Amino acid sequence: MGADPYTLFVDGISTVFELPIGLALVIAGSIMSALAWLLGHRPTSGLLMTVGLVGLVVGAASTWMPSPTADTSRLVQLAAGLGLIGIGVGTYRAMRWAEGPLDALPQALADRLGHPSAMFALVQAALLGLGWGLGGQVGAGTVLAVLALGPTTLRSERLVGNLLGGEAHAVVKP
């Protein structure tokens, strides 16, 4: 089915270097965070915790999470995963809890070059190319992720921001 560009990149690191997926996720997040830092975006404690904690949680969950074989089950798992990611990221961004590496790098680029939406798309395209080059599987799920994650995240971020009575902090503005 394919995966979103960031997961494609993580899967590629995991495959090429024969690493557990959780460790590959920590490495990918560290690379993106370091690039953001080099561009002048100072890492927060939330960013550093996000990189480590997400890697640990995904590593643990991958040991018990089922890998469906039927296309219908795979599609349901993909749709649920994309929805949960969009809601989760939108929520933590609106509440200003932390940022993830996929927030920090486009923001660092946008701070230097402007055009936040273009910078987010540029990072997504780079991750897609790197992930594919490292052997990640690109498919219909990849296309769905590229099309769905941004809008789902923005809607969730706006909804939570409105519920909190404030303005959402968005890297990707409509």
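The exercises below work through helices, surface features and selected contacts of the structure shown above.

The model is predicted, so that local features need pLDDT of at least 70 and side-chain atom pairs count only at pLDDT 80 or more, while totals for chains, interfaces and linings use all residues. Residues are numbered from 1 along each chain as its sequence is written, and side-chain values use heavy atoms, with hydrogens and water left out.

**Exercise 1. Locate the salt bridge and describe the setting of its two partners.**

Step 1. A salt bridge is a side-chain nitrogen of Lys or Arg within 4 Å of a carboxyl oxygen of Asp or Glu, and the structure holds one. Its partners are the side chains of Asp71 and Arg74, with 3.4 Å from N to O.

Step 2. Both residues belong to helix H4 (residues 71-94), where they are three residues apart, about one turn of the helix. Helices (H or I, at least four residues) are DSSP runs, numbered from the N terminus.

Step 3. Accessibility is sorted into buried (under 20% relative accessible area), exposed (over 50%) and partly exposed in between, with a 1.4 Å probe and protein chains only. Asp71 counts as exposed because its relative accessibility is 52%, whereas Arg74, at 28%, counts as partly exposed.

**Exercise 2. Describe the span of H4, its buried residues and the helices they pack against.**

Step 1. H4 has 24 residues and reaches 34 Å from its first C-alpha to its last, close to the expected 34 Å at 1.5 Å a residue; the expected span is 1.5 Å times one less than the number of residues.

Step 2. The buried residues of H4 are Leu78, Leu82, Gly86, Val89, Gly90, Thr91, Tyr92, Arg93 and Ala94. These buried residues pack against H5 and helix H7 (140-163), where contact means heavy atoms within 4.5 Å.

Step 3. Thr91 of H4 is in contact with Ser156 and Val160, once its neighbours within four places in sequence are left aside. A polar atom of the Thr91 side chain also lies 2.7 Å from the backbone oxygen of Ile87, a polar contact being a pair of N or O atoms within 3.5 Å, of which, within protein, one must be able to donate a hydrogen and the other to accept it, and residues adjacent in sequence count only if both atoms are side-chain atoms.

Step 4. Just after H4, Arg96 takes a positive phi of about 55 degrees.

**Exercise 3. Is helix H5 largely enclosed or largely open, and what covers its buried residues?**

Step 1. Helix H5 (residues 101-113) has 13 residues and reaches 18 Å from its first C-alpha to its last, close to the 18 Å expected at 1.5 Å a residue.

Step 2. Because ten of these 13 residues are buried, H5 is largely enclosed by the rest of the structure. The buried residues are Pro101, Leu102, Asp103, Ala104, Leu105, Pro106, Gln107, Ala108, Leu109 and Ala110, and what covers them includes helix H1 (5-16), H2, helix H3 (45-64), H4 and helix H6 (116-133).

Step 3. Asp103, in H5, counts as buried because its relative accessibility is 8%. A polar atom of the Asp103 side chain lies 2.8 Å from the backbone nitrogen of Gly100.

Step 4. H5 is followed by Gly114, whose phi is positive, near 80 degrees.

**Exercise 4. Which residues form the nonpolar surface patch, and what does Ile31 touch?**

Step 1. Patches are made of residues with over 30% relative accessible area and no salt bridge, in which nonpolar side chains (Val, Leu, Ile, Met, Phe, Trp, Tyr) are joined within 5 Å and like charges within 9 Å. Leu23, Ile27, Ile31, Leu35 and Leu38 form such a nonpolar patch, with about 440 Å² of accessible area together; accessible areas come from the Shrake-Rupley method with a 1.4 Å probe, and for residues only the protein chains shown count as cover.

Step 2. Leu23 has its place in helix H2 (residues 21-38) and counts as partly exposed at 41% relative accessibility. Ile31 also lies in helix H2 and is partly exposed, with a relative accessible area of 36%.

Step 3. Not counting residues up to four places away in sequence, Ile31 touches Phe9 and Ile13.

**Exercise 5. Where does Glu18 lie, and is it buried or exposed?**

Step 1. Glu18 is found in the loop between H1 and H2, and is exposed, with a relative accessible area of 73%.

Step 2. Although Glu18 is not a glycine, its phi is positive, about 50 degrees.

Key:
Helices (H or I, at least four residues) and strands (E, at least two) are DSSP runs, numbered from the N terminus.
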